[in-house]
Amino acid sequence: AVSKKNSSHSLAIYGFPPLIHHAMELSIAALIFAAAIIFGIIVQCLHSDMQSVDFQRKDLLFLQATAMLSFIILFAALLCWLQAEGTSAITVFMLVILFLLLILTTLSAFSMNGWVIKKFKKHLN
């Protein structure tokens, strides 16, 4: 029940700021990329015996590039959130975690590429 004294005040609700909308859109895009990665891993596991080694190599590199892109998009979403809401301990912690995951994924992609090249050289000799 609202009293007559308080009912004369209007309350304008405008919605979220634009930076929060951008953070939500970027987060949804990162989620879509993550779902594509999971789907790609499942397909690769189910059909690993029917695929050539060249296709598996390209598929692994594509999945790792997609993972890096997903981390970069999520990193951008977190930066939008930080700019809109300010810093807190949990957001800085998440920023550090995402940055470390991006570095690990990048290193994994480079090491996988080197491993695949060594494996192909072994088969050629």
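This is a predicted model: local features need pLDDT of at least 70, side-chain atom pairs count only at pLDDT 80 or more; totals for chains, interfaces and linings use all residues.
Biologist: Why is Gln 44 called buried?

Modeller: Gln 44 has a relative accessible area of 11%. Buried means under 20%, so Gln 44 qualifies as buried. Gln 44 lies in helix α1, residues 18–46. Setting aside residues up to four places away in sequence, Gln 44 touches Gln 51, Gln 56, Asp 59, Leu 60 and Leu 63.

Biologist: Why is Val 96 called partly exposed?

Modeller: The relative accessible area of Val 96 is 44%. Val 96 is placed in helix α3, residues 89–124.

Biologist: Which residues make the nonpolar surface patch of about 1100 Å²?

Modeller: The patch is made by Ile 90, Val 92, Phe 93, Met 94, Val 96, Ile 97, Phe 99, Leu 100, Leu 101, Ile 103, Leu 104 and Leu 107.

Biologist: What makes up the largest nonpolar core?

Modeller: This core consists of six residues: Phe 71, Leu 78, Leu 82, Leu 95, Leu 98 and Leu 102. Helices α2 (53–85) and α3 each supply at least two residues of this core. Leu 82 touches Thr 87, Thr 91 and Leu 95, residues up to four places away in sequence not being counted.

Biologist: How much of the chain counts as buried?

Modeller: Of its 125 residues, 22% count as buried. The accessible surface of the chain is about 9500 Å², and 73% of this belongs to carbon and sulfur atoms.

How values were computed. Residues are numbered from 1 along each chain as its sequence is written. Side-chain values use heavy atoms; hydrogens and water are left out. Helices (H or I, at least four residues) and strands (E, at least two) are DSSP runs, numbered from the N terminus. Buried means under 20% relative accessible area, exposed over 50%, partly exposed in between (1.4 Å probe, protein chains only). Contact means heavy atoms within 4.5 Å. Patches are made of residues with over 30% relative accessible area and no salt bridge: like charges are joined within 9 Å, nonpolar side chains (Val, Leu, Ile, Met, Phe, Trp, Tyr) within 5 Å. Accessible areas come from the Shrake-Rupley method with a 1.4 Å probe; for residues, only the protein chains shown count as cover. A salt bridge is a side-chain nitrogen of Lys or Arg within 4 Å of a carboxyl oxygen of Asp or Glu. A nonpolar core is a set of buried Ala, Val, Leu, Ile, Met, Phe, Trp, Tyr and Cys residues joined through side-chain atoms within 4.5 Å.
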